[in-house]
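Here are my notes on the model, jotted down as I went through it. Have a look at the structure first, then read the points in order.

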Amino acid sequence: MQQLFLKLTLIGSLTLLSMLSSNLFATGPQINLTSHYVTAEEANQQGDRQTAFKEFTIAAHKRDARAYGKLGSMYLYGLGTPKDYHQAYIWFHMGYLTGERESERFRDAASSMMTRAEYLKAVTAAEQQRLKQQLDKAPPQQIPPVSQRK
């Protein structure tokens, strides 16, 4: 049963990756977001943190929302780059604004490592990055599971 689940998960992932790389979901100007993110993921899995960091950075600056939390993690833990809680806060905040569930918790963890002055600078820098990324001020609303609705 577990093998069947893994096969179905792999097939679904490959299908989605194929659709994304062929831009079936794209609207407007065609931007290849997948290549930098995929290259970063592959490098990260192979332990090449410098390449992963570089490629996640490119993907994030090209507004690939999948890269926001990954880049934040690299800054938070010093993977492929020196630890930088300020930058970790910024990129986790971008992830939070795009609906990544764990980004808020990691953003708060990064902020707990900063002084009050550093935190205020990070908040300002995150707002500037939000504007560059053209993101809304609030994350997308999560629809609660049916069991939690009134």
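**Notes on the helix packing and ring pairs**

1. Start with F92: this is a buried residue, at 1% relative accessibility. Keep in mind that we're looking at a predicted model.

2. F92 has a ring partner in F106, and the two are stacked, with 5.5 Å centre to centre and 25° between the planes. The cut-off for calling a pair stacked is planes under 30 degrees apart. Since F92 belongs to helix α5 and F106 to helix α6, the pair ties together parts that are 14 residues apart in sequence. F106 is partly exposed, at a relative accessible area of 22%, while F92 counts as buried.

3. Now the two helices themselves. How do α5 and α6 cross? Helix α5 covers residues 85–97 and helix α6 residues 103–111; their axes come within 8 Å, with a crossing angle of roughly 160°. Angles over 145 degrees count as roughly antiparallel, and α5 and α6 are therefore roughly antiparallel to each other. As for the hand, the α5 and α6 crossing is left-handed.

4. Who touches whom here? On the α5 side the contact uses Y85, A88, Y89, F92, H93, G95 and Y96, and on the α6 side S103, E104, F106, R107, A110 and S111. Sorted by class, this contact of α5 with α6 has seven nonpolar, four polar and two charged residues.

5. On to the rings in general: the structure has five aromatic pairs. One of them is F53 with Y75, where the ring centres are 5.2 Å apart and the planes sit at 90°, so this pair is edge-to-face. The pair links distant parts of the chain, 22 residues apart, with F53 in helix α3 (residues 49–61) and Y75 in helix α4 (residues 66–77).

6. Are F53 and Y75 buried or exposed? F53 is buried, with a relative accessible area of 15%. Y75 is buried as well, with a relative accessible area of 11%. The cut-off behind both calls is under 20% relative accessible area.

7. Of the 150 residues in the protein chain, 30% are buried.

Technical notes: Residues are numbered from 1 along each chain as its sequence is written. This is a predicted model: local features need pLDDT of at least 70, side-chain atom pairs count only at pLDDT 80 or more; totals for chains, interfaces and linings use all residues. Side-chain values use heavy atoms; hydrogens and water are left out. Axes are lines fitted to C-alpha atoms, for helices over the stretch in contact, and angles run from 0 to 180 degrees between N-to-C directions. Helices (H or I, at least four residues) and strands (E, at least two) are DSSP runs, numbered from the N terminus. Angles under 35 degrees count as roughly parallel, over 145 as roughly antiparallel, 65 to 115 as roughly perpendicular and the rest as oblique. A crossing is left-handed if the near helix is turned anticlockwise from the far one by less than a right angle, and right-handed if clockwise. Contact means heavy atoms within 4.5 Å. Ala, Val, Leu, Ile, Met, Phe, Trp, Tyr, Cys and Pro count as nonpolar, Asp, Glu, Lys and Arg as charged, and the others, Gly among them, as polar. Rings of Phe, Tyr and Trp (its six-membered ring) pair if their centres lie within 6.5 Å; planes under 30 degrees apart count as stacked, over 60 as edge-to-face and the rest as tilted. Buried means under 20% relative accessible area, exposed over 50%, partly exposed in between (1.4 Å probe, protein chains only).
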